[in-house]
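Here are my notes on the model, point by point. Please read them with the coordinates open.

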2 protein chains.
Amino acid sequence: MSTPIKYSSQREAILRFLKTRKDHPTADVVFQHIREDIPNISLATVYRNLNQLAAAGTILRLTTNGKTDHFDACVEPHFHFCCRSCNAVKDIDMEPFPELTKRATEASNYKIEDVTVLFSGLCDECLTEK
Amino acid sequence: MSTPIKYSSQREAILRFLKTRKDHPTADVVFQHIREDIPNISLATVYRNLNQLAAAGTILRLTTNGKTDHFDACVEPHFHFCCRSCNAVKDIDMEPFPELTKRATEASNYKIEDVTVLFSGLCDECLTEK
DNA sequence: CTCGATAACGATAATTATTACTATTATCAT
DNA sequence: ATGATAATAGTAATAATTATCGTTATCGAG
């Protein structure tokens, strides 16, 4: 049914780069870094592949308060924090909360497939610089 | 310090409309409805006032999987659900989870000010239509 | 190993949501 | 009433993302 996926070195580079980063870069940040290795890569290619990888569940798309999406190569369920000052997206290392999905399933007649928890406030760096 | 806020009938109409709706409309939906009462209202005015009301904490901005923000006149802490098929945003009526913010505060060195929980999956309507 | 179908590409145009700008109007304290 | 300025309508500009399109790369079948 679905069209077969062919290998591309660009996609491999994008995924490899994402895996080296803990800070959930945006499409443009990915683009800026990848072009150091592949100078003539197109921004559209970056978007196309990030979308495809996210659709396949290989990476995670993080929609935050900020206007642009961030991407995360870690697909294990975990929590994120978005700083309202610098818009950085960071991980919060705490145990998952299966209770949440369970109670939402009981409380609604929807098919709950996923839950995203996004904390916001001020990150460590923005806190110290007064 | 901050500039004083002056009354405007447009803003009042926007807020009044939002309060009649349980379904968290987007800026454009607000615009389309308000212009039935105020035919020459500008879309920019709708955006300006929604932003101002959200900044003041009078209404809530909901950033979802979909590309456009939704707005909610109910600022009491509660949970939302976004349908991956029709992109509708709906409430989920369940008890708040103070535990979440508490544990995030313990697990990080950030100043946690807020948390948004967004469930996703298929809504009741999309479930029934096959 | 060719070959052929087509997924993916680079480059760029188009689209979409949102914000900025500007001259005018409305609010409101004095 | 009047003056300072917040808010407006209308529109131009911006920013992020997606669509288009001619070309290139992948890869299974012969």
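1. **Conventions.** This is a predicted model, in which local features need pLDDT of at least 70, side-chain atom pairs count only at pLDDT 80 or more, and totals for chains, interfaces and linings use all residues. Residues are numbered from 1 along each chain as its sequence is written, chains are lettered from A and ligands numbered from 1 in the order in which they are written, and side-chain values use heavy atoms, with hydrogens and water left out.

2. **Surface near DNA strand D.** A residue is near the strand if one of its heavy atoms lies within 4 Å of it. There are 22 residues around DNA strand D, and those that come nearest are Y47(A), K6(B), S8(B), T45(B) and R48(B). By class, the surface has eight nonpolar, nine polar and five charged residues. Here Ala, Val, Leu, Ile, Met, Phe, Trp, Tyr, Cys and Pro count as nonpolar, Asp, Glu, Lys and Arg as charged, and the others, Gly among them, as polar.

3. **Which elements supply it.** Helices (H or I, at least four residues) and strands (E, at least two) are DSSP runs, numbered from the N terminus. At least two residues each come from α3 (43–56) of chain A and from α1 (9–20) and α3 (43–56) of chain B. The most comes from α3(B), with five residues.

4. **Backbone or bases?** Of the atoms of DNA strand D within 4 Å of the protein, sugar or phosphate accounts for 74%, and bases for the rest. For N51(A), a side-chain N or O atom is 3.0 Å from a phosphate oxygen. On chain B, a polar side-chain atom of R11(B) is 3.4 Å from a phosphate oxygen.

5. **Helix α1(A).** Its 12 residues (9–20) should span 16 Å at 1.5 Å a residue, and the end C-alpha atoms are 17 Å apart, so the two agree. The expected span is 1.5 Å times one less than the number of residues. Buried (under 20% relative accessible area, with exposed over 50% and partly exposed in between; 1.4 Å probe, protein chains only) are R11(A), A13(A), I14(A), L15(A), F17(A) and L18(A). Their cover includes α2 (27–37), α3 and β2 (70–72) of chain A.

6. **Chain A against chain B.** The contact (heavy atoms within 4.5 Å) takes 38 residues from chain A and 38 residues from chain B. The chains bury about 3000 Å² between them, 62% of it on carbon and sulfur atoms. F97(A), R103(A) and Y110(A) lose the most area on the chain A side, together 20% of what that side buries. Buried area is the accessible area (1.4 Å probe) that two parts lose on being put together, summed over both.

7. **Positive phi.** Most residues other than glycine have a negative phi. H24(A), not a glycine, has a positive phi of about 50°. It sits in the loop between α1 and α2 of chain A. H24(A) counts as buried because its relative accessibility is 2%. N87(A) has a positive phi near 65°. Its loop joins β3 (79–83) and β4 (89–92) of chain A. At a relative accessible area of 37%, N87(A) is partly exposed.

8. **C126(A).** This residue is in helix α5 (residues 124–128) of chain A. Leaving aside neighbours within four places in sequence, C126(A) is in contact with C83(A), S85(A) and C86(A).

Note on methods. A polar contact is a pair of N or O atoms within 3.5 Å; within protein, one must be able to donate a hydrogen and the other to accept it, and residues adjacent in sequence count only if both atoms are side-chain atoms.
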